[in-house]
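Trainee: I am new to this one. Could you help me learn how to read it?

Mentor: Happy to. Let us look together.

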Amino acid sequence: MLDQQTEQFLGHLYDCAPELLKAGDLARRFAALIRGDDDASLEQWIEDATDSELASLAAGIGRDIAAVRAAITQPWSTSPVERQINRLKTIKRQMHGRSG
């Protein structure tokens, strides 16, 4: 829940730039899709976002919708290996340019 000052700021912002109201709504809907809190279809979200400030995000998701859908619905995750991948990338960046 937002505090009163934030609500007033957002109200003023939305009055000045109404397209941000739609973008904010789309962003909240997308977050709900990712969390699995919303049963709406990803295709519907892409269609709704096509003529908004999030059009480029919608286009990118549309280009590889199968991968996005799998990421949302499948229980598999790369989280266990992300730490190792990050560590290896850090070492690579640190060592770049240090060889003879």
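Trainee: What percentage of the 100 residues of the chain count as buried?

Mentor: Buried means under 20% relative accessible area, exposed over 50% and partly exposed in between, with a 1.4 Å probe and protein chains only. Here 15% of the 100 residues are buried. This is a predicted model, where local features need pLDDT of at least 70 and side-chain atom pairs count only at pLDDT 80 or more, while totals for chains, interfaces and linings use all residues. Residues are numbered from 1 along each chain as its sequence is written, and side-chain values use heavy atoms, leaving out hydrogens and water.

Trainee: How many helices and strands does the chain have?

Mentor: Helices (H or I, at least four residues) and strands (E, at least two) are DSSP runs, numbered from the N terminus. This chain has 6 helices and 0 strands. Its radius of gyration, taken over C-alpha atoms, is 19 Å, well over the 13 Å from the globule rule for 100 residues, so the chain is more spread out than a compact globule. That rule is 2.2 Å times the number of residues to the power 0.38.

Trainee: Which residues form the largest nonpolar core?

Mentor: In soluble globular proteins, nonpolar side chains tend to be buried together. A nonpolar core is a set of buried Ala, Val, Leu, Ile, Met, Phe, Trp, Tyr and Cys residues joined through side-chain atoms within 4.5 Å. The largest one has 9 residues: Leu26, Phe30, Leu33, Leu42, Trp45, Ile46, Ala49, Ala58 and Ile61.
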